Amino acid sequence: MRAADCRPKPRVHSAGIDIAADLRFDRFEEQVAALPVGQHVMLPLFAFHPYEFAVGLYPNGAKEECRGWVSIYIMRQDASEGVVTAECTIEALLPDRNPIHAGHVSRSTSKDGYPLELGLGVYDGWKRFAQLEDLRRQGFLLDDTLCLRVRLAPTFPGLGHVALAPPKIAPVEALARQLGTLLTNPTASDLTLSVGSEEFSVHWSVLTCRSPVFRRMLEAGMSEAERRRVEIPDLDPVTMSRFLRFLYTGSIEGGPELIRSPAGRWHYVDSCYYEISEDASTSVLTWSETTEARGRIHGELRPTGAMSWAARLSNGATFAVALQDGKLHGEYREGATEVVKTEAYNLDAEVCVTESWGRLLRAADKYCVEDLTALCEEAMQARLLVCNAAAILRIANETGRQGLKVAALGFVTANEAQMRAVQQTRAFDALDRELVAEIYEVFFNPPGKRKRPRPGEEAREFPDGQDWARLSNAQLRLACAERDLPTSGHRDTLLVLLRAQEEVPSGHCCTGSSGGSKSMAPCERDITPMERE
């Protein structure tokens, strides 16, 4: 098992360096059979003189207590003195996609709340990275290969406090920031978007440049172009604000915060959580956490900035939190000890944020802003949790985003315990019968265990020329999946897709791919009736 003979070149920053590398562990099942518990395979990661780092993978677990799990550690291979601390994220990649993209199996020090500590002869990582059977079920070991994406940001002894010159703002970033100021400068606008009770002053040239739908609407002589006013009744003001920010800047950063209060229960690692309560009469926020070792510790949170607070706790420690994109980023400091960083989520907030991303995805899809649809898919896939997985699956199914749907299905059906947990959420109750049936089909026939054709064998279980009407709904979905067609929709929709692809000449199929593209090219999208005169 060897990685490509090329090491990533580190990027130097003020606190150390950042590297990202994609590694391939080939002949993985052979290693599972050959290596006992406690033995590993090592791949070089990168070198930054005099330090050298590698990734050690234990196919059967690092210890007897981890049998059945894959363990992954970052190791040092140099003899230099001192301890290197590092923030690290490792995620499994799906090898049967082109290009390879991240799945939902990942571990990160930012979520654990403390960095890796790498000293001489000391390695650090995750003894329970993922269960071996789950990797098989979810298709991460197709072609007998495990692909990992490793991101490492080490801080070296003596470099952590070096003050380098602040990085220069790239011209593109500066341009995006300046364009964003146009959203708050109505005097220069020449078009108005009416959304609910709010109006947005925008610029004709920006909208027609960024959206082919707006371009056709405004350049086709419709009444909206004459009035310089467009009524948009199917979007809410918050979604429109985020949508416009992306059109102008290519990012939604700096837009309205989706969650306005940190009150609630916030989970950060395994079964750990803390609570923030708000006094109804005084609006005072109180942070508290109960641990077996220290009992209950608490403190009053005071504002320190926009959506950020800090507290002096009852045990003498300090705790600071900042609310961003529906998550609380915390820093706990006790005495002269190292800062413990956490990233916490709230169950209700995650569902709210997921639905907001879904509305933004629908807006991007309606106005054919393809780079925004990709951003929405990536954001929702990165947020997959038990509490919102069913909602993400429903949104992906309704919008026809096949790549996001595959990821959500893989998360829901990862194992029996996880599927039962998802079934107990309110979001699962909102799924229609066809989508629930598809979940069970994937669970009992996961992609990682489907038979792969041998050379000379028919590549499809359901070849062209079938009497499609005689197949069951489950068989129709499998046939669509074999052809990279969308698997969502009712029976009639699946029949239309399968019959249509037989009529399209080979090499000219216009249907969507597993990456989430749609069956109609963006420039050919019809303008919705509400936008016509």
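Contact here means heavy atoms within 4.5 Å. The notes below apply to a predicted model, in which local features need pLDDT of at least 70 and side-chain atom pairs count only at pLDDT 80 or more, while totals for chains, interfaces and linings use all residues. Residues are numbered from 1 along each chain as its sequence is written, and side-chain values use heavy atoms, with hydrogens and water left out.

1. Strand β16 and S288. S288 is in contact with Y274, E275, R296, I297 and H298, leaving aside its neighbours within four places in sequence. The residue lies in strand β16, residues 285-291. Helices (H or I, at least four residues) and strands (E, at least two) are DSSP runs, numbered from the N terminus. S288 has a relative accessible area of 13% and is buried. Buried means under 20% relative accessible area, exposed over 50%, and partly exposed in between, with a 1.4 Å probe and protein chains only.

2. Strand β15 and S277. S277 is found in β15, residues 272-278. With a relative accessible area of 42%, S277 is partly exposed. Apart from its neighbours within four places in sequence, S277 is in contact with V284, L285 and T286. R265 is 12 residues from S277 along the chain, and the C-alpha atoms of the two are separated by 8.5 Å.

3. The whole chain. The protein has 533 residues, of which 45% count as buried. Its secondary structure comes to 17 helices and 21 strands. Among contacts with a separation of 6 or more, 59% are between residues 24 or more positions apart.

4. A four-stranded sheet. The order β3-β4-β5-β9 describes an open sheet of four strands with antiparallel pairing. Two strands pair if DSSP finds at least two bridges between them. Which strands stand at the edges? They are β3 (41-48) and β9 (124-131), each with a single partner strand, so one side of each is left without a neighbour in the sheet. From one strand to the next, the twist averages 20 degrees. For angles, axes are lines fitted to C-alpha atoms, for helices over the stretch in contact, and the values run from 0 to 180 degrees between N-to-C directions.

5. The β3-β4 hairpin. Strand β4 covers residues 51-58 and runs antiparallel to β3, joined to it by seven bridges. The two strands form a hairpin with two residues between them. Across the pair, F46 stands opposite F53 in β4, and A47 stands opposite E52 in β4.

6. Strand β17 (residues 295-305) pairs with strand β18 (residues 308-312) in the antiparallel sense over three bridges, and P303 stands opposite W309 in β18. β17 and β18 form a hairpin with two residues between them, and M307 in the turn has a positive phi of about 60 degrees. β18 also pairs with strand β19 (residues 318-324), in the antiparallel sense over five bridges. In that pair, R312 stands opposite T318 in β19. The hairpin of β18 and β19 has five residues between the strands, and G316 in its turn has a positive phi of about 90 degrees.

7. Helices α8 and α9. At what angle do α8 and α9 pack? Helix α8 (residues 237-249) and helix α9 (residues 347-366) pack at about 60 degrees, with their axes 10 Å apart. That makes α8 oblique to α9; angles under 35 degrees count as roughly parallel, over 145 as roughly antiparallel, 65 to 115 as roughly perpendicular and the rest as oblique. From α8, the residues T239, R242 and F243 meet S356, W357, R359, L360, A363 and A364 in α9. By class, this contact has five nonpolar, two polar and two charged residues. Ala, Val, Leu, Ile, Met, Phe, Trp, Tyr, Cys and Pro count as nonpolar, Asp, Glu, Lys and Arg as charged, and the others, Gly among them, as polar.

8. Helix α12. Of the 11 residues of α12 (residues 402-412), 10 are buried, so the helix is largely enclosed by the rest of the structure. The buried residues include L404, K405, L409 and F411.

9. Two loop residues with positive phi. R27 is not a glycine, yet has a positive phi of about 50 degrees. R27 lies in the loop between β2 (16-26) and α1 (28-34) and is partly exposed at 42% relative accessibility. C368, also not a glycine, has a positive phi of about 60 degrees. C368 is in the loop between α9 and α10 (370-382). Is C368 buried or exposed? C368 is buried, with a relative accessible area of 4%.
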